[in-house]
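Work through the exercises below with the sequence and the structure open. Try each task before reading its solution.

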Amino acid sequence: MVSHIATRLILASYCATDAAKLVFEHNAYGKPFLADHKPLVFSLSHADEMALCAVGNGEALGVDIEKIRPIASTEMAERFFSPTEHQLFARLPRGQQQDAFFTCWTRKEAYIKAKGLGLALPLERFSVTVSPDLPAELLSSDFSTEDAIRFRLMDIEVACGYKAALAYAGPPPGKVMQYHFSRRPDGGIFLTPLKPQGDNDQVIDRTINGVNFKPLVVGS
């Protein structure tokens, strides 16, 4: 998959090694990590033709991207959201509920990925803000009373028709890097880093094999 190849190239650039030499392992819940470069952490998510990668140094992080699509949002919210989230969701006008569902979903998935516990972390056992008009925030978690203080959430601006969010522990994102991807004549991939952007600047979409890939660097 193109997104996995691009992630390997991005990580190799931070590890100062050949991408082919990177060794990936997984924790007991399936979260991948670099075997020989453990201070470097990363999270990858993809949906349809979009992919998002976050890279950080030492602290936990997670990222999620979803394509907005027609679903039975009321039933899905009742099934997967916490009681607090479901109440907040039900108060929204029906015309705003689909957008709010994917806003809430990506915020929740980003937190789950940052925790690295997979399905062992039931979605209904923690709460995030639901409305797209409110800042992304972890309101409460049954797993740790400290998580609402330790973890921060932020929405990531992506292409129209998608929602994305980042969850991270530690200091806020220091900078966002842009990368340009191009195809080599032999079928390989060029990864060319562009000029770093300022704090919290958004990444410009770049396309490779039809996949828009937005790498996000957390910290520096």
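A residue is called buried when its relative accessible area is under 20%, exposed when it is over 50%, and partly exposed in between (1.4 Å probe, protein chains only). The model is predicted, so local features need pLDDT of at least 70 and side-chain atom pairs count only at pLDDT 80 or more, while totals for chains, interfaces and linings use all residues. Residues are numbered from 1 along each chain as its sequence is written, and side-chain values use heavy atoms, with hydrogens and water left out.

**Exercise 1. Describe the chain as a whole and the confidence of the model.**

Step 1. Helices (H or I, at least four residues) and strands (E, at least two) are DSSP runs, numbered from the N terminus. The chain has five helices and 13 strands.

Step 2. Of the 220 residues in the chain, 46% are buried. The accessible surface, from the Shrake-Rupley method with a 1.4 Å probe and only the protein chains shown counting as cover for residues, comes to about 11,000 Å². Carbon and sulfur atoms account for 53% of that surface.

Step 3. A contact means heavy atoms within 4.5 Å. Among the contacts in the chain with a separation of 6 or more, 55% are between residues 24 or more positions apart.

Step 4. The predictor's confidence in each residue is pLDDT, from 0 to 100. Its mean over the chain is 80, and 76% of the residues reach 70 or more. Over residues 195–213 pLDDT stays under 50. For that stretch the model has 57 contacts beyond four places in sequence.

**Exercise 2. Find salt bridges and say which parts of the chain they join.**

Step 1. Side chains of opposite charge can pair when their charged atoms come close. The rule used here asks for a side-chain nitrogen of Lys or Arg within 4 Å of a carboxyl oxygen of Asp or Glu. By this rule there are eight salt bridges.

Step 2. One of them joins Lys67 and Asp48, with 3.1 Å from N to O. Lys67 lies in strand E5 (residues 61–67) and Asp48 in the loop between strand E3 (40–47) and strand E4 (50–57), so this pair ties together parts 19 residues apart in sequence. Lys67 is partly exposed at 34% relative accessible area, and Asp48 is exposed at 55%.

Step 3. Another salt bridge runs between Lys113 and Asp64, whose closest N and O atoms are 3.2 Å apart. Lys113 is in helix H4 (residues 94–115) and Asp64 in strand E5, so the pair links distant parts of the chain, 49 residues apart. Lys113 is partly exposed at 22%, whereas Asp64 is buried at 3%.

Step 4. Glu66 and Arg69 also form a salt bridge, at 3.9 Å between the closest N and O atoms. Glu66 is buried at 15%, while Arg69 is partly exposed at 39%.

**Exercise 3. Is Thr103 buried or exposed, and which residues does Thr103 touch?**

Step 1. Thr103 lies in helix H4. With a relative accessible area of 2%, Thr103 is buried.

Step 2. Leaving out residues up to four places away in sequence, Thr103 touches Val130, Ser131, Pro132 and Lys163.
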